[in-house]
Amino acid sequence: MVTDQEEFKNLARYQLLKPSHASTLLQNQKFNLGDRVVFVKDSGNVPIASKGTIVGIEKNNIDVVFDCTFMGGSTLGDRCSNYRGMTVLAKWFPSK
């Protein structure tokens, strides 16, 4: 099993996304229900690098059920357990 640390060990600096560049570089992505995503904004309610699954799409917003709980999370209208859901701007997720 490869750990997150091993996964990033051999990456060059240019291969990493700086969070402040995310809104510019990621604004034209297309998402589908069920896509796996990683949150890249370095401030706000969702912790940076949180992984989740898209469960809803509307214009520039996506509903994501995250793998781990966080204090700002919701139930997305009873579509997930407490503290795991959030509606966020699509530009904060690189597509996988």
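**View 1. Val-37 stands opposite Gly-52 of strand β2.** The model is predicted, so local features need pLDDT of at least 70 and side-chain atom pairs count only at pLDDT 80 or more, while totals for chains, interfaces and linings use all residues. Residues are numbered from 1 along each chain as its sequence is written, and side-chain values use heavy atoms, with hydrogens and water left out. Strands β1 and β2 pair in the antiparallel sense over 3 bridges. Two strands count as paired if DSSP finds at least two bridges between them. Strands (E, at least two residues) and helices (H or I, at least four) are DSSP runs, numbered from the N terminus.

**View 2. Strands β2 and β3 form an antiparallel pair.** Strand β2 covers residues 51–58 and strand β3 covers residues 61–66, with 6 bridges between them. Ile-54 has Val-64 in β3 as its bridge partner, and Gly-56 has Asp-63 in β3. The hairpin of β2 and β3 has 2 residues between the strands, and Lys-59 takes a positive phi near 50° there.

**View 3. The open sheet has 4 strands in the order β1-β2-β3-β4.** The pairing is antiparallel. At the edges stand β1 (36–38) and β4 (85–89); each has a single partner strand, so one side of each is left without a neighbour in the sheet. Neighbouring strands are turned by 45° against each other on average, direction ignored; the axes are lines fitted to C-alpha atoms, for helices over the stretch in contact, and angles run from 0 to 180 degrees between N-to-C directions. Strands of a sheet pair through backbone hydrogen bonds, either parallel or antiparallel.

**View 4. Ser-50 lies in the loop between β1 and β2.** Ser-50 is buried, with a relative accessible area of 16%. Buried means under 20% relative accessible area, exposed over 50%, and partly exposed in between (1.4 Å probe, protein chains only). Leaving aside neighbours within four places in sequence, Ser-50 is in contact (heavy atoms within 4.5 Å) with Val-37, Val-38, Phe-39 and Phe-66.

**View 5. The chain contains 2 helices and 4 strands.** Along the sequence they follow the pattern α-α-β-β-β-β. Of the 96 residues, 28% count as buried. The chain averages a pLDDT of 81, and 69% of the residues score at least 70; pLDDT is the predictor's confidence in each residue, from 0 to 100. Confidence is lowest in helix α2 (residues 22–25), at a mean of 64, and highest in β3, at 94.
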